[in-house]
Amino acid sequence: MRKTTVIVLVLGIALLAPVVVFAADKGEDIYKTKCVVCHGQMGNGKTPLGEKQKLRPLASPEVQKLTDAELTAMIADGGPAKKSSHTFKSKGLNVEQIKALVGYIRSLAAPKQ
């Protein structure tokens, strides 16, 4: 019985892995076209606009501790001060695209292998 449970869990994880990778890849593409100008290529906020807005690095513990719902709201509706120009819901990003961006932001903190 245990062996069967382990096999089912391993197979389930293996089947979901391509979906997670695809979402991160899609998120990276969206990031490169919509977010790089302010957040920078590596998400560190070291751009003229990012420094002016005092953006935190996306891989920082402060950003990574936010829930997916909080990150989603920030992307969709603007940053903490609601002064941000990245209200992407109004600029045509749909729920799935915002979800992919959240996945990409999470991947920035993942250890590099």
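How far is the sulfur of Cys35 from the closest cysteine sulfur, and in which residue is that sulfur? Select Cys35 and Cys38: the sulfur of Cys35 is 8.6 Å from the one in Cys38, its closest cysteine sulfur, which is too far for a bond. The structure holds zero disulfides, a disulfide being a pair of cysteine sulfur atoms within 2.5 Å. Cys35 is buried, with a relative accessible area of 9%, and Cys38 is buried as well, at 15%. Buried stands for under 20% relative accessible area, exposed for over 50%, and partly exposed for what lies in between (1.4 Å probe, protein chains only).

Some notes on the model come before the next selection. This is a predicted model, in which local features need pLDDT of at least 70 and side-chain atom pairs count only at pLDDT 80 or more, while totals for chains, interfaces and linings use all residues. Residues are numbered from 1 along each chain as its sequence is written, and side-chain values use heavy atoms, with hydrogens and water left out.

**Whole chain**

Switch to a cartoon view. The protein chain has six helices and zero strands, in the order α-α-α-α-α-α along the sequence. Helices (H or I, at least four residues) and strands (E, at least two) are DSSP runs, numbered from the N terminus. Of the 113 residues, 29% count as buried. The accessible surface is about 8000 Å², and carbon and sulfur atoms hold 66% of that surface; these areas come from the Shrake-Rupley method with a 1.4 Å probe, and for residues only the protein chains shown count as cover. Among contacts (heavy atoms within 4.5 Å) with a separation of 6 or more, 45% join residues 24 or more positions apart.

**His39**

Next, select His39, in helix α2 (residues 36–39). His39 is buried, with a relative accessible area of 14%. Beyond residues up to four places away in sequence, His39 touches Tyr31, Asn44, Gly45, Lys46, Thr47, Leu55 and Leu58.

Centre on Leu101. Apart from neighbours within four places in sequence, Leu101 is in contact with Gly27, Ile30, Tyr31, Cys35, Ile75 and Leu93.

**Helix α5**

Now select residues 68–77, which form helix α5. Leu71, Met74, Ile75 and Ala76 are buried there, and their cover includes α4 (61–64) and α6 (95–108). Just after α5, check the backbone of Gly78, where phi is positive at about 115 degrees.

**The aromatic pair**

Where is the aromatic pair? The structure holds one. Select Tyr31 and Tyr104: their ring centres are 5.1 Å apart and their planes are at 45 degrees, so the pair is tilted. Rings of Phe, Tyr and Trp (its six-membered ring) pair if their centres lie within 6.5 Å; planes under 30 degrees apart are stacked, over 60 edge-to-face, and the rest tilted. Tyr31 lies in α1 and Tyr104 in α6, so the pair ties together parts 73 residues apart in sequence. Both Tyr31 and Tyr104 are buried.
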